Amino acid sequence: MISLPFSFKYSAGPLIIALCALIAFFFEPQASEWLAYDRYAIQGLDTWRLITGNFVHTNGYHLLLNIVGLILLWALHGEHYLPARFLKVFIWCCIATSAGLYFFSENLIWYAGLSGALHGLFVWGACMDIKEKMTSGWLLLVGIAIKVGYEQYNGSSSEVAELIDAKVAVDAHMFGAVGGLIIFLLMISTAKRA
């Protein structure tokens with residue numbers, strides 16, 4: 001079997017996500033009309049939006065911020081990003097984010113962007129670091145807990161909201177982060193039973 005270099009082997013998953021987000025961006029505004037998280041459309045059984053809503057963005061700045069976040073996560077936790085596992089974790093983080101919004105943030109009607117799922121990946125990666133006995137994992141986990149708690153208490157930055165031309169969905173960050181933790185715990189418990 002051919003051994004892939006680190007740069008491709010561990011970056012294929014993030015590259016696929018970035019490419020999907022870029023393609024969706026080039027098909028705006030139709031992409032948002034058909035793919036964004038829309039509570040009423042989901043109630044009408046457009047259930048794909050639970051995943052695809054994470055791939056569309058409000059503008060180029062929003063897309064750029066999320067792609068940079070994805071790159072930073074890859075730089076931070078890339079050694080855990082085998083393509084199939086990364087894509088599974090990412091999709092489950094999307095579902096956790098959207099399901100959390102649907103069931104617990106009933107006032108949020110429309111959502112777009114990778115940030116909720118990225119928070120989930122961040123938590124999952126920090127937990128993987130802890131599992132590998134890396135002290136930095138604990139620091140990252142505490143840091144994301146403080147960030148999410150701060151956003152829940154104080155809201156988001158008005159500068160970021162102005163930049164992305166939308167209110168920052170801080171609940172998406174919280175549900176994504178909780179989803180990342182649950183996904184990690186489920187993976188660990190399933191591995192122990194096998």
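Glu132 is partly exposed, because its relative accessible area is 44%. Its salt-bridge partner is Lys131, with the closest N and O atoms 3.7 Å apart. Lys131 is partly exposed as well, at a relative accessible area of 41%. Keep in mind as you explore that this is a predicted model. The points below go from charged pairs to a helix, then to the core and the surface.

**Salt bridges**

- How many salt bridges are there? The count comes to three, and the pair of Lys131 and Glu132 is one of them.
- Another salt bridge joins Arg49 to Asp46, and here the closest N and O atoms lie 3.3 Å apart.
- Are Arg49 and Asp46 buried or exposed? Both Arg49 and Asp46 are buried.
- Glu151 and Lys147 also meet through their side chains in a salt bridge, at 2.6 Å from N to O.
- Glu151 and Lys147 are four residues apart in helix 9, so about one helical turn separates them.
- Glu151 counts as buried because its relative accessibility is 9%, and the cut-off for buried is under 20%.

**Helix 9, end to end and side to side**

- Helix 9 covers residues 135–154, which makes 20 residues.
- At 1.5 Å a residue, helix 9 should span 28 Å, and its end C-alpha atoms are 29 Å apart, which agrees.
- Which residues of helix 9 are buried? They are Gly137, Leu140, Ile144, Val148 and Glu151.
- Looking down the axis of helix 9, you would find these buried residues within an arc of 65 degrees, so they line one face of the helix.
- The face turned away from the buried side of helix 9 carries exposed residues, namely Thr135, Trp138, Leu139, Ile146, Tyr150 and Tyr153.
- What follows helix 9? Gly155 does, and its phi is positive, near 85 degrees.

**The nonpolar core**

- The largest nonpolar core has 31 residues, and those touching the most other members are Ile17, Leu70, Phe86, Phe90, Leu121 and Trp124.
- Which elements give two or more residues to this core? They are helix 2, helix 6 (60–77), helix 7 (83–104), helix 8 (115–131), helix 9 and helix 11 (170–193).
- Helix 8 gives the most to this core, with nine residues.

- Val89 lies in helix 7, and it counts as buried because its relative accessibility is 3%.
- Although Val89 and Ile183 are 94 residues apart along the chain, their C-alpha atoms are separated by 7.2 Å.

- Phe27 counts as exposed because its relative accessibility is 53%, and exposed means over 50%.

Note on methods:
Residues are numbered from 1 along each chain as its sequence is written. This is a predicted model: local features need pLDDT of at least 70, side-chain atom pairs count only at pLDDT 80 or more; totals for chains, interfaces and linings use all residues. Side-chain values use heavy atoms; hydrogens and water are left out. Buried means under 20% relative accessible area, exposed over 50%, partly exposed in between (1.4 Å probe, protein chains only). The expected span of a helix is 1.5 Å times one less than its number of residues. The arc is that of the directions from the helix axis to the C-beta atoms. A salt bridge is a side-chain nitrogen of Lys or Arg within 4 Å of a carboxyl oxygen of Asp or Glu. A nonpolar core is a set of buried Ala, Val, Leu, Ile, Met, Phe, Trp, Tyr and Cys residues joined through side-chain atoms within 4.5 Å.
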